[in-house]
Amino acid sequence: RIGQIRRRLGQPEQAEDAYHRALELFAEMPNDFEDHETLAIETAIAQRELGLTLQLDLQRRSRTEDMLTLALRTLDASNPKKLSDKASLEVARTLHELGTLFLSSGKRAEAHSNHERELEILTRLRKQDPGNPEARFLQARCNRNLSLLAFPSRRTESGATSSSSQDVKRA
């Protein structure tokens, strides 16, 4: 949590240090938890938040994708047969951040793929617990990004004539 506070205060270096320290501590305690999924969830959250912190530094922004992907692998490895709802929600959060990263960097196909996977998870979670506010909020954000992906990028728009505008002229 210290890393989140430092990042919000505009102190990315201190936030990064806090996340690295958290990851070191998590690595030292694998046998302290009966439920390895709990440790995996906390580790993946720290990895995801570290990735989001690295995104603030344009020189290291490419490492953001690596950290988000590592967080997904950590969660997937925690219980390969079936993730708990809590772990599934963290997978959805991480997919959202990865999809948003891809969307902002013009990797539309990758963004779409991540948001579609996120939506599948959130739809399942909402069927099980329709009142879950976190899942509802994430699903709204996911749908917003998918709607952005439904429209052509500006580069595509400027280079092509819209058939709908031609149809309007004909009418």
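Glu-49 touches Gln-4, Arg-7 and Tyr-19, leaving aside residues up to four places away in sequence, where touching, or contact, means heavy atoms within 4.5 Å. Please keep in mind that this is a predicted model, in which local features need pLDDT of at least 70 and side-chain atom pairs count only at pLDDT 80 or more, while totals for chains, interfaces and linings use all residues. Residues are numbered from 1 along each chain as its sequence is written, and side-chain values use heavy atoms, with hydrogens and water left out.

Glu-49 sits in helix H3, residues 36-54; helices here are DSSP runs of H or I with at least four residues, strands are runs of E with at least two, and both are numbered from the N terminus. Is Glu-49 buried or exposed? Its relative accessibility is 7%, so Glu-49 counts as buried, a word that stands for under 20% relative accessible area, with exposed over 50% and partly exposed in between, using a 1.4 Å probe and protein chains only.

Turning to the whole protein chain, there are nine helices and zero strands. Of its 171 residues, 37% count as buried. Among contacts between residues at least 6 apart in sequence, 59% join residues at least 24 apart.

Lastly, helix H5, residues 85-104, packs with helix H6, residues 108-128, at an angle of about 155°, their axes being 8 Å apart. Axes are lines fitted to C-alpha atoms, for helices over the stretch in contact, and angles run from 0 to 180 degrees between N-to-C directions. H5 and H6 are therefore roughly antiparallel to each other, given that angles over 145 degrees count as roughly antiparallel, under 35 as roughly parallel, 65 to 115 as roughly perpendicular and the rest as oblique.
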